[in-house]
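Open the model in your viewer and keep the sequence panel beside it. The stops below are given in the order in which to select them.

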Amino acid sequence: MKNDRGTILASYLGFVVQGIVNNINPIFFVIYRERFGLSFAQVGALITVNFGVQILVDFTAAQVAGKLSYRKGMIASSICSFTGLCGIGCMAFLRSGHFAWILGCVILNAIGGGLLEVLASPLVEAVPSSSAKDKAMSLLHSFYCWGCLTFVGVSTILLKLLGDERWYIIPFLWAILPLLDGIAFCFVPIYTLPSDAQIVKRRSLFGNPMFLLLMFMMLMAGASEMGMSQWASYFAETGLGVDKTIGDLCGPCFFCLMMGLARLLFGRSGDRLPLRRFFVYSCLLGVATYLLAALSPLPWLGLLACGFCGLSVGIMWPGTYSIASVECKEGGTRMFAFLALAGDLGCTGGPKLVEFGAELFPEKGLSAGLLLGAIFPFLLLCSVVVLGMMTNKKGQ
């Protein structure tokens, strides 16, 4: 498909692949432990390594921005994801060394996901036929949500039909998608941001107060998203006392569905509501849902709050990207790489702060942690207000 639409569709598929590689291991954690003897510590290490490698990829990409080829980078992302997914399936045929093998697969998937996260957003931003950039960015990031939902739902059904003994078929089947995406990126037209012709220096970026504010916004966006989503299932089961299956469906799955709908809604109808006003409403809803989840005496109301928090955070990540592309036009790929780095740091730190709150007040548990987590969307709201003041001053 040799046109601009093909470039955008290939980028959408890339975000679906990222949703797959970020969720492939959690659905097999029980199998890893029961069939391959991995300990809880080793399973936990897989999560840590995944986020750690993605942060490292973000940082490295920021250092070499301008030398990165969008086409080669996206193809490399697809190759890493394809190899990582196939590697997970191949683990079923190993007699020993399972932890080292799966760790290598996690690293490959994390490299693929990290490259895609850095390159796909500026790639779509650079497509000349995409006039409504904020809408296109929102739609792009919504496909991560649809990828997560589709992967978890289809894989759960396949695992039920195939049985645990044939679990390895599932990663082989999903590996078809990054293979197709890699082939697509060999042919679709590739555009670069005009600012990439003369790469802005790190000193110039970090000397720009607007960019520093946007970095902080990305940090809070990542923390707001993961602070709730990572603990939603556990909170539903232990804090609200609901069945695990219901907790998973009404917690993280509902959260992801609402997050995707928010991005789809703005992507299709964003011209009727200015981005920053949408941002303010989202932050207010985020504060309300965190507080409601933490303080609600009714389990069903707490579950609804967990799910609707996804609606509130949906616009935060892609919305910050869109604002950055307008307010820091000279930033180029390096800017997007540093923003991705800040977002991933927020994704790592947000759940940790919620965990800290729960440990600080053990009698309240995760309710105390989520109460503390309300600070994320609140600080993001304050940042949006400051951003408005800075842009108004800039325009005078």
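What percentage of the 396 residues in the chain do buried residues make up? They make up 54%, where buried means under 20% relative accessible area, exposed over 50%, and partly exposed in between (1.4 Å probe, protein chains only). This is a predicted model, in which local features need pLDDT of at least 70 and side-chain atom pairs count only at pLDDT 80 or more, while totals for chains, interfaces and linings use all residues. Residues are numbered from 1 along each chain as its sequence is written, and side-chain values use heavy atoms, with hydrogens and water left out.

Start with a cartoon view. The chain has 18 helices and 0 strands; these are DSSP runs numbered from the N terminus (helices H or I, at least four residues; strands E, at least two).

Next, select E117 in helix α5, residues 98–126. E117 is buried and has no salt bridge, a salt bridge being a side-chain nitrogen of Lys or Arg within 4 Å of a carboxyl oxygen of Asp or Glu. The nearest side chain of opposite charge belongs to R263, 8.9 Å away; here Lys and Arg count as positive, Asp and Glu as negative, and His and the chain ends are not counted. Leaving aside residues up to four places away in sequence, E117 touches Q18, Q54, D58, W317, Y321, A340 and D344 (contact: heavy atoms within 4.5 Å).

Move to R263. R263 has a salt bridge with E225, with the closest N and O atoms 3.8 Å apart. R263 lies in α12 (244–269) and E225 in α10 (209–229), so the pair ties together parts 38 residues apart in sequence. Both partners are buried: R263 has 2% relative accessibility and E225 has 7%.

Now select E327 and R276, whose side chains meet in a salt bridge at 2.6 Å, N to O. E327 is in α15 (316–327) and R276 in α13 (275–295), so this pair ties together parts 51 residues apart in sequence. E327 is buried at 13%, whereas R276 is partly exposed at 27%. The structure holds 4 salt bridges.

Finish on helix α14, residues 299–313. Its 15 residues reach 22 Å from first C-alpha to last, close to the 21 Å expected (1.5 Å times one less than the number of residues). Its buried residues include G302, L303, C306 and V313.
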